[in-house]
Amino acid sequence: MAHLTALDDAAWQGPWRAVRVGEKVVLSVGLLVTALVSPPWPGCVLVAIACVALTCGPARIPPRTLAIAMAPALTFLVIGGVTVAVVLGGTPTPNAFFAWGPLWADPATVSKGVTAFSRGVSGTLSVMLLATTTPMVDLLTWLRSLGMPSPLVDIASLTYRLLFVLLSSALAIHAAQTARLGRISVATAASATGSLLIRSWAHAARLQAGLEGRGYTGDLPTLPRARSASPAFLATALAVVGAVWAANLAVILT
Amino acid sequence: MLTARDLVARFPGREPVLSGASITLPDGGRVALLGANGCGKTTLLRCLSGAHRPERGDIARDGVRLEHGRRGLREHRSAVQLVLQDAADQLFSADVTQDVSFGPMNLGLPVAEVRARVDDTLAMLGIEHLAERATHQLSYGEQKKVALAGAIAMAPSVLLLDEPTAGLDPEGVAEMTAILDRLHSDGTSLLVATHDVDWALAWADAAAIVVDGMVRQGPVAEMLDDQALLASARLTPPWTLRLAPRLGLRGRPRTLDEMAALIQARLTENRTTA
Amino acid sequence: MLTARDLVARFPGREPVLSGASITLPDGGRVALLGANGCGKTTLLRCLSGAHRPERGDIARDGVRLEHGRRGLREHRSAVQLVLQDAADQLFSADVTQDVSFGPMNLGLPVAEVRARVDDTLAMLGIEHLAERATHQLSYGEQKKVALAGAIAMAPSVLLLDEPTAGLDPEGVAEMTAILDRLHSDGTSLLVATHDVDWALAWADAAAIVVDGMVRQGPVAEMLDDQALLASARLTPPWTLRLAPRLGLRGRPRTLDEMAALIQARLTENRTTA
Amino acid sequence: MHIAEGFLPLTHCVVWGLASAPFVVHGARSVITQAKENPESKLLLAAAGAFTFMMSAIKLPSVTGSSSHPTGTGAGAILFKPPVMAFMGTVVLVFQALLLAHGGLTTLGANVFSMAIAGPWAGYAVWVALRGARAPMEVSVFFAMATANLVTYVVTSLQLALAYPDPDLLGAFGKFATVFALTQVPLAIMEGIVGVLLFRFLAKV
């Protein structure tokens, strides 16, 4: 379950935590949208390169962390990409690469598969650029400043906090079960789920009591965080996204 | 001064935990609250903080009775703060600054003042370096300090603490004691629930012992030397107060230093009288 | 005999907590594991129990090296059990009997024997009355006992305990100590992590002190009288070992009784020599 | 099963986002109302969200070599009602996208529709119908949870087929459904059993 905290740990520690959330969102979403509308070459490849370079370069996220983060997504993207590339049923086109029973693929379908795969990889990397540099709390504070209703932000923040309380419970339950020779089974999963649910309720009740002692009557106001704007960061972000678009255009025009 | 008179409190459907408990926390006082597990210490603290509404009995601050309405509680809590034993029950925010700022923000203070208070509190506890850290990444001792910071940032005149030294190593206990001393010298009244009778004897002015849902209160050395009382409260006297009578020494040494001095005196006396 | 040699262990992406730790738990031994908060006590216990796989180093039981495969761990765990500090985290079944029976059932014992083991274990801990209770409704002290019962029902030859007395009142500590003594007299080897140096000195044969990711082990009175070692481990010596040198007494009294006897002897001696 | 970031064409992302929005907004509204009426509900909802997220950390016996985990939306729908799950499911999906790289931001609309709307509503409908027909609690729980899981997976397969309809929508749907059925169908059955045991556990305490 190491991957459960790998991204979060990175987000709290990196130097980009000092950058305004809005600026990081511009960079990340700019790259994401670019990836989604680009052809695999050069757009998706360039987005992927830019993301890896920025994440592991100036944002100083260990490449290992990024690799851990990408692993589950890659599994889906590989299976998904192949599934898109290979057609089931219909009539194979004359230029099909192969036709095994109802399965076949031709350059057009393979190109779709490759496009889906490369957009998936570069898109996920774009989101990871944000995820590994911005803790959830900063994103939620940012959403609050954009006008997201306070109760919703409060609930999301509390969910995030309780996540880690429950995570340590889940790890402990798992350790306790294996220590007493429990194997992974439907029964152990059910009792783990049950005790986790009881614990989440109990903890919510205790936190409620703790908060009431601190004067909680329904609102959870906290200090807004002030971060100074960085025109240089924003300019670089726009330049990187712009460069990918320029490369796309150049290839399309030639 | 914070007082409780004849409190009766229970959890729904159970026997009362408190059945006529009275306690007085004088201004600037250092009172240790002692008692067995499950005796009602925590419930008493929760009543005093306004978090638990007693079935019967009065709580008063400076002679003014606590009303359990929204307004009364609000006023009470701006002066009386409770720090729970398990810090995880109290920390709700994802990072330290946000968490500590909750109380002052909730009091409606201007942002600049909240920021100053948070900074001052973290500095006083020596945890400025934690300001930007994630709550869930803090160690046990750090969590305890941050939970305490959340209460201190409210600038309360009364601080109620449930087992502030539990689970800490000797250095952590010493740090926590120094923080409490600092708060005491700043004029905060402190009521501290603890299992550590040795610590209580050395630190507190008075002890309040919970027995059978009631409270017996008095000077700390006197209370902790009352064998019958301690036995009924299922407590053991501090080692100094067990050793002294064994050696036939008079006086109630509260620390190792006092104990050593007392024995030394007897040794010298023996030599001179013999 | 359970041994660990040169363990190196860390959490992903952090500095190592253990950097070459070795420890020996002899058959039937009572070893106290001491060290500051966060020094790696718990990680060491987790390594010894097989729950945490060290990066380097060997763990061996009766000379046989622990292999971290399925089979090796299964065999290891049927002989070595760990009881965590936070008992609530360890109870995962809806009721007490179910929870305590989980281990023996997994050992593949016949139902009748499992039932007998559960009954015996609960009786030994004096908690038969909790058999049918829901785990989440237990008090703190009860939870600790039930968690211990779950481990004891496995009939382990080695029991690793993390802070079994923490948070208990004096009576609770005495009960827990009696249970540990009973296990000791039944031949179970015990390794107990604790912050309570006074308790460790009175109870254990040997102390293992974690300093800078390594372990120093030796006879308990000797180890707890080593000022330099304790200072580097951020620990304070037990009061008996602080008082004795202050009075110029030789010997290492381990309990209040021994201390009193030592001082009495000196007082008498003074009188006769003078 | 969540659709990964970048895997759906931009227009599909927008359309699924628009399709999900009314449900999420409706859920958010009812959450806000609840929070105003009763401050405790904030903590309970947060606990529900954290619990739903943590379901993905509960290991089930491996189906295809890697370990699988339950989705938990069926249990959520029974315990907290579908509108609340629409909002809390969205929060959980955002967390999964950003903390686990599971799912994505542009595919959020699609994933919300399958996992936080279609699955819970279908599971809840089965629950209400079976309880109405006086079916035993355990039977109702089993089918509600298995249905929530299966419907999520069917809708996801349909979403993928709509995005990549080769040679036609039906063929593509069959293809995606087959590829993911290998893991998902046994998982749905197992989740149903976990659900039964879970409710038995809860009945005891």
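How many salt bridges does the rule find across the interface of chain D and chain A? In this predicted model, the count is 2. One of them can be named: A:Lys112 pairs with D:Asp166. Their closest N and O atoms lie 2.9 Å apart. That distance falls within the 4 Å limit set for a salt bridge. Polar contacts were also counted across the interface of chain D and chain A, and 6 residue pairs qualify, with both residues at pLDDT 80 or more.

Several helices build the side of chain D that touches chain A. The elements giving two or more residues to this side are α1 (10-37), α2 (40-54), α3 (73-80), α4 (82-100) and α7 (169-204) of chain D. Of these, α7(D) provides the largest share, with 13 residues. The make-up of this side by class is 50 nonpolar, 6 polar and 6 charged residues.

The extent of the interface was computed in two ways. By contact, chain D contributes 62 residues and chain A contributes 74 residues. By area, about 6,100 Å² is buried between chain D and chain A. Carbon and sulfur atoms account for 83% of that area. Which residues of chain D lose the most area to chain A? They are D:Lys42, D:Leu43 and D:Leu99. Together they supply 12% of what the chain D side buries.

Chain A also carries a record-based annotation. The unreviewed UniProt entry marks residues 25-54, 66-88, 158-176 and 232-253 of chain A as "transmembrane region". Two of these stretches were examined in the model. Residues 66-88 of chain A are 87% helix and 9% strand. The C-alpha atoms at the ends of this stretch are 35 Å apart. Residues 158-176 of chain A are 100% helix and 0% strand. Here the end C-alpha atoms are 27 Å apart.

Strand β1 (residues 2-10) of chain B pairs with β2(B) in the antiparallel sense, over 7 bridges. At the residue level, B:Val8 has B:Ser19 as its bridge partner in β2(B).

Note on methods:
Residues numbered from 1 in each chain as written. Chains lettered and ligands numbered in written order. Predicted model: local features only at pLDDT ≥ 70, side-chain atom pairs only at ≥ 80, totals over all residues. Heavy atoms only, no water. UniProt positions renumbered as here; feature names shortened; annotations may be inferred. Helix = DSSP H or I, 4+ residues; strand = E, 2+ residues; numbered from the N terminus. Pairing = 2+ DSSP bridges. Contact = heavy atoms within 4.5 Å. Buried area = accessible area lost by both parts, 1.4 Å probe. Salt bridge = Lys/Arg side-chain N within 4 Å of Asp/Glu carboxyl O. Polar contact = N/O pair within 3.5 Å; in protein donor to acceptor, adjacent residues only side chain to side chain. Nonpolar A, V, L, I, M, F, W, Y, C, P; charged D, E, K, R; others polar.
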